[in-house]
Amino acid sequence: METQENELCIVRDLMNRDDDEPPPKPVQSISFRHLHSEATALRSEKEKTVISERSKAFMDSFYPGLPEKEWNNWHWQIKNSVRTTDQLDRFIHLTENEISVVGKKSHTLPIRITPYYMSLIHENDPDHALRKAFIPVFEELVTGAGETLDPLSEEHHSPAPNIVHRYPDRVLFLATGFCSAYCRYCTRTHMVAKEKCHVGFKAWEAGLRYIETHHEVRDVIVSGGDPLTMPDFHIDYLLSRLRKIPHVEIIRIGSKVPVVLPQRITKSLVNILKKYHPLFMSIHFTHPDELTPEVKEACERLANAGIPLGSQTVLLKGINDNVEVMKKLMHGLLQNRVRPYYLYQCDPIPGSSHFRTPISKGLEIIKGLRGHTSGYAVPQFVIDAPGGGGKIPLLPEYFLGHEDGYAKLMNYEGRVFLYPDDVG
Ligand code: SF4
């Protein structure tokens with residue numbers, strides 16, 4: 001309950017602001033008026049937004065008479081997100097296992113699902129992949145061996161508020177603790193939906209100063225929470241400050257918004273993002289059922305703005321842990337102009353054992369993809385080492401060692417080949 005209250009403060013703060021509101025007093029000499037008026041002017045362009053048949057049917061059932069304009073408004077989607085069991089009960093038939101977790105003290109994350117994403121969730125099937133990823137179940141309350149709240153030790157690698165500095169030349173900038181939907185397996189359970197994360201111009205200052213004074217930082221990953229849940233002028237401000245730092249060569253944004261809240265990818269947002277190239281985006285996808293016409297449109301807008309899109313997918317038991325599902329997802333991503341990037345072993349947060357697969361499962365999936373489909377459709381399988389060791393790539397055994405000056409190599413069909421490897 002405490003978590004829910006903390007989260008409410010964050011949401012209240014977010015919802016009290018509007019893109020039409022004048023921004024807070026600037027803390028630096030940057031001109032907000034210029035940034036803001038530009039964003040507002042761009043937003044007035046006519047938006048073309050698709051609504052899939054599935055979402056239309058959902059709207060007709062649960063929001064009869066709601067204008068499409070409202071449904072397509074990302075503020076409406078956040079304001080009307082599903083956050084309680086009573087609300088969930090309106091849309092799906094909850095099982096005992098799902099009901100049993102709600103309201104329990106050790107409940108690590110509040111519930112939050114946008115109406116759009118809710119429309120994709122199967123009302124009668126508790127084994128539906130998207131339902132398992134977002135609706136809590138009793139197993140979430142059971143902490144297994146080796147599970148910790150901050151498995152990647154991000155708090156120990158935080159030299160300044162909002163900053164995680166784990167690799168030599170890049171930092172994470174955790175801009176907000178808010179997400180438009182909370183994934184039950186979230187690695188950042190230690191900070192999302194909590195007040196720990198310092199949000200806003202003034203609070204970001206120490207983190208920005210850290211980057212300004214650390215000349216080795218050439219790559220900044222803006223993450224959270226989900227940074228694309230912030231108002232346009234916040235995003236514009238943060239990116240403009242980062243782009244002004246001469247040694248910051250590239251900026252990356254990590255987000256699930258194009259998947260759970262594709263309505264947020266407005267023309268005005270895209271016009272802001274494209275001012276700060278080279279800018280990359282890593283989008284968190286879980287399952288092929290997420291690849292809707294709405295998501296296609298959102299990705300198209302981002303890609304058309306010259307933003308290279310990559311995917312991040314967490315390997316999850318009973319959700320996407322088989323070759324066929326993963327292949328369908330990877331193929332769908334490429335069709336949506338998103339290059340599969342990382343497949344993550346699920347991090348051991350408390351109550352994650354029902355989501356975690358053995359490492360052999362990830363290797364089996366990579367083996368089932370490599371050679372059997374385009375190389376572009378094969379993500380890199382990694383474990384983020386507990387304790388802050390960073391990402392460790394994992395590959396099936398293709399190199400079988402040396403024999404008489406030859407390297408023994410196994411191809412995707414299991415056939416062995418020799419390569420002369422006795423030079424130098
Ligand atoms: S979108 Fe990312 S940060 Fe937010 S709950 Fe999901 S995994 Fe966590």
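Hi everyone, here is a short tour of the structure shown above.

Two notes before we start. Residues are numbered from 1 along each chain as its sequence is written. This is a predicted model, where local features need pLDDT of at least 70, side-chain atom pairs count only at pLDDT 80 or more, and totals for chains, interfaces and linings use all residues.

Let's begin with the whole chain. The protein chain holds 16 helices and 12 strands; helices (H or I, at least four residues) and strands (E, at least two) are DSSP runs, numbered from the N terminus. Of its 424 residues, 38% count as buried. Buried is when 20 or more other C-beta atoms lie within 10 Å of a residue's own, exposed is 12 or fewer, and partly exposed is in between, with C-beta atoms placed from the backbone. If you take contacts between residues at least 6 apart in sequence, 78% of them join residues at least 24 apart. Two residues are in contact if their C-beta atoms, placed from the backbone, lie within 7 Å.

Now to the ligand. Which residues surround the ligand? They are C179, Y182, C183, C186, R188, V192, G224, G225, D226, K256 and H284, where near means a C-beta atom, placed from the backbone, within 6 Å of the molecule. By class, this shell has five nonpolar, three polar and three charged residues. Here Ala, Val, Leu, Ile, Met, Phe, Trp, Tyr, Cys and Pro count as nonpolar, Asp, Glu, Lys and Arg as charged, and the others, Gly among them, as polar.

Next, a pair of helices. V323, M326, K327 and M330 in α15 meet I365, G368 and L369 in α16. The residues of that contact divide into five nonpolar, one polar and one charged.

Finally, two single residues. Is S61 buried or exposed? S61 sits in helix α3, residues 53-62, and is exposed because 11 other C-beta atoms lie within 10 Å. Its C-alpha atom is separated by 9.5 Å from that of F91, 30 residues apart along the chain.

A407 belongs to strand β11, residues 406-410. With 15 other C-beta atoms within 10 Å, A407 is therefore partly exposed. Setting aside neighbours within four places in sequence, A407 is in contact with F399, H402, Y419 and D421.
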